[in-house]
Amino acid sequence: NGGYNGYDASFGHWDMETDTVTYLTDHPGIAGFYGRNAGYYYRDGAVIRLNYETREEERIIETGLYGDYYVMCFPDCLVVADQSIEAQDNHFYIYNWAYELVDTVEIPFLQGNFFVDQALMAETAERFILTDGISWLPKYYIEKSELGTGTVKVHAFNLPDF
């Protein structure tokens, strides 16, 4: 049985109308994104897709990155980011759902002991919303329309003082 943080754990799909739970898979013991049909997480230099039906893992993206990374899944892409407290790598690696690298974005504003993956605090259809780790307020954003153009940059929000 898979475990997570020392506990046996599994994933199930809850049907609200019938109040029933359908078993999906055991937790593999790695933090990541676990959807209705598959789980996605990072291990040993690759993004792994866990197929619930077959219980098989597939290395879908060989990142060339080694360390403690985290996979975040969105409707139009996957983002891989360092999740270690010492954060040696301050980049987001953005892949499309064909598992191709679309862009690498430097996150230059991080301060203190802050996980790079925590900088991505929200997502809209047009933007990734970022925080600096000090205020936990939305301070920056990435325009998704800039991804893959060679002109992607981190923009500062023009927010009023709080």
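Phe-128 touches Phe-74, Cys-77, Val-79, Ile-94, Leu-120, Ala-122, Glu-123, Tyr-140, Tyr-141, Ile-142, Lys-144 and Leu-147, with residues up to four places away in sequence not counted; contact here means heavy atoms within 4.5 Å. The model is predicted, so that local features need pLDDT of at least 70 and side-chain atom pairs count only at pLDDT 80 or more, while totals for chains, interfaces and linings use all residues. Residues are numbered from 1 along each chain as its sequence is written, and side-chain values use heavy atoms, with hydrogens and water left out.

Phe-128 is among the residues with the most contacts inside the largest nonpolar core, together with Val-79, Phe-92 and Ile-142; this core has 18 residues. A nonpolar core is a set of buried Ala, Val, Leu, Ile, Met, Phe, Trp, Tyr and Cys residues joined through side-chain atoms within 4.5 Å; buried means under 20% relative accessible area, exposed over 50%, and partly exposed in between (1.4 Å probe, protein chains only). At least two residues of the core are supplied by each of β9 (69–74), β10 (77–82), β11 and β14 (127–130), and the largest share, three residues, comes from β10. Strands are DSSP runs (E, at least two residues), numbered from the N terminus.

Six of the six residues of β10 are buried. Cys-77, Val-79 and Ala-81 point one way from the strand, whereas Leu-78, Val-80 and Asp-82 point the other way. β10 pairs with β9 in the antiparallel sense over six bridges, pairing being assigned if DSSP finds at least two bridges between two strands. These two strands form a hairpin with two residues between them, and Phe-74 stands opposite Cys-77. β10 also pairs with β11, again in the antiparallel sense, over four bridges.

In β11 (residues 91–95), Phe-92 is the bridge partner of Ala-81. Phe-92 is buried, with a relative accessible area of 1%. Its contacts beyond four places in sequence include Val-79, Val-105, Leu-130 and Ile-142. Thr-104, 12 residues from Phe-92 in sequence, is 5.6 Å away in space, C-alpha to C-alpha.

The structure holds zero disulfides, a disulfide being a pair of cysteine sulfur atoms within 2.5 Å.
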